[in-house]
Amino acid sequence: MKKQILVDMFLVFSFLLLGGCGEKESNTEEANGAIAQAIEMEQESKLEEEEAVAKLEEEGVEITEEKAEISLTFPERYALPFEGERGTVEFITYEAKDYVGKGDSVEKKAYVYLPAGYDDSKQYNVLYLMHGIGGNEREWGLNSDTSKLKRLLDRLMGEGSVEPFILVTPNGKAMACEHTQENDPFYLFGLELRNDLIPYIESHYATYAAYDEAGYDMSATRTHRAIAGLSMGGMQTINIGIGECLDLFSYFGAFSAAPTSDAKEIVAKNIDESEYTVDFFYNICGTEDTIAYHSASAAAKDLPTVCEKMVDGENYLWHEKSGGHDFGIWYLGIYNFSQLAFSK
């Protein structure tokens, strides 16, 4: 839970990553170095993915009519523009409040993907997709006309592999909250998610929730919400999604879950002691990921062995493959997770 890990996120990030060695005086410098490394790797990976997509477009890839399937290899055609009707992306702003300090508010930004043929008279599932420590609402690329994520979603839905759903990429830092050593913006985002972002989405878009500005039962439609993320967003999926918001979500996807992710014993306790069930918990990590493999494994790799409510192959899946801390792993993660959460 939050109090068990909010000693100082940056200090713990370094401590876990580097094995806890060294004196306290050097930990801050090591933590800054570890964070800088993670940010650099995220940025470099994004550029490499963009270059790879451009190369695919130049060379051309054979397009087949096969439906998607859970895989350890990302199908190249999902990086190319879908030939049929495509979804749209909206840029939104919403008000977020400080729930631990003076009650100030701030305008937050997010991108919302709406499936092709979006209809206000229908009801849609929603996936909240989180970024890494160096990113923001743009890291998953929905701000780009050549967004690989958007192409992936267009094809998955357009070919009938998954039910049409709404996807939201917010800024996962609670910017309005008063930040101290005990109040880190990545952890406080859970308050904003519950009180500000989800109600905004459900008051402006056609979801399954019976939104009421005076208050409504958010748990009644938890099986129609999912949360997932890369690196730090994977940590948020585990620590906030499972640790604090099992009443809001029933589908969880952690891609290269970052240091400070709850260990599997804590995750198991949160799940087993909850009145709510987990419909699916999916994890993926690269075996050469020096940033996250240890923490992701500690959080989830053997979770069914200590958690009564998690059964391998039924509502749980661990994937690992050769790879680093990069979008090659993360796009494969969202490709698989979308199918597990919203398959037809």
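This is a predicted model: local features need pLDDT of at least 70, side-chain atom pairs count only at pLDDT 80 or more; totals for chains, interfaces and linings use all residues.
Trainee: Which side chain of opposite charge is nearest to D196, then?
Mentor: K97, 4.4 Å away.

Trainee: What does D196 touch?
Mentor: Leaving out residues up to four places away in sequence, D196 touches Y94, E95, A96, K97, Y99 and L191.

Trainee: Which residue does form a salt bridge with K97?
Mentor: E95 does. Their closest N and O atoms are 3.4 Å apart. E95 is partly exposed, at 46% relative accessible area. K97 is also partly exposed, at 34%.

Trainee: What about E192, which residue does it pair with?
Mentor: E192 forms a salt bridge with K108, with the closest N and O atoms 2.6 Å apart. This pair links distant parts of the chain. E192 is in helix 5, K108 is in strand 2 (residues 105-114), and 84 residues separate them.

Trainee: Is E192 buried or exposed?
Mentor: Buried, at 2% relative accessibility. K108 is buried too, with a relative accessible area of 2%.

Trainee: How many salt bridges does a search of the whole structure find?
Mentor: It finds 12. One of the pairs is R138 with E137, at 3.4 Å from N to O. R138 is partly exposed, at 39% relative accessibility. E137 is buried, at 5%. Elsewhere, salt bridges that share partners join R77, E83, R155 and E159 into one network.

Trainee: New topic. How many disulfides are there?
Mentor: Zero, from a search of the whole structure. As for cysteines, C177 is buried, with a relative accessible area of 6%. C307 is buried as well, at 3%.

Trainee: Now helix 4. How many of its residues are buried?
Mentor: 10 of its 11, so helix 4 is mostly covered. The buried residues include K148, K150, R151, D154 and R155. L149, L152, L153, L156 and M157 are buried too.

Trainee: What happens at the start of helix 4?
Mentor: A side-chain oxygen of S147 reaches to within 3.3 Å of the backbone nitrogen of L149.

Trainee: And what follows helix 4?
Mentor: G160 does, with a positive phi, near 80°.

Trainee: Where does S161 lie?
Mentor: In the loop between helix 4 (148-158) and strand 4 (165-170). S161 counts as buried, at 10% relative accessibility.

Trainee: What lies 2.9 Å from a polar atom of the S161 side chain?
Mentor: The backbone nitrogen of A68. Leaving out residues up to four places away in sequence, S161 touches K67, A68, Y78, L156, S343 and K344.

Trainee: Next, helix 6. Why is it largely enclosed by the rest of the structure?
Mentor: Because 12 of its 13 residues are buried. Helix 6 covers residues 232-244. The buried residues include M232, M235, Q236, T237 and N239.

Trainee: Last one. Is E308 buried or exposed?
Mentor: Exposed, at 75% relative accessibility. E308 has its place in the loop between helix 8 (293-301) and strand 8 (316-321).

Trainee: How are the C-alpha atoms of E308 and D272 placed?
Mentor: They are separated by 6.5 Å. Along the chain, the two residues are 36 residues apart.

Conventions: Residues are numbered from 1 along each chain as its sequence is written. Side-chain values use heavy atoms; hydrogens and water are left out. Buried means under 20% relative accessible area, exposed over 50%, partly exposed in between (1.4 Å probe, protein chains only). Helices (H or I, at least four residues) and strands (E, at least two) are DSSP runs, numbered from the N terminus. Lys and Arg count as positive and Asp and Glu as negative; His and the chain ends are not counted. A salt bridge is a side-chain nitrogen of Lys or Arg within 4 Å of a carboxyl oxygen of Asp or Glu. Contact means heavy atoms within 4.5 Å. A polar contact is a pair of N or O atoms within 3.5 Å; within protein, one must be able to donate a hydrogen and the other to accept it, and residues adjacent in sequence count only if both atoms are side-chain atoms. A disulfide is a pair of cysteine sulfur atoms within 2.5 Å.
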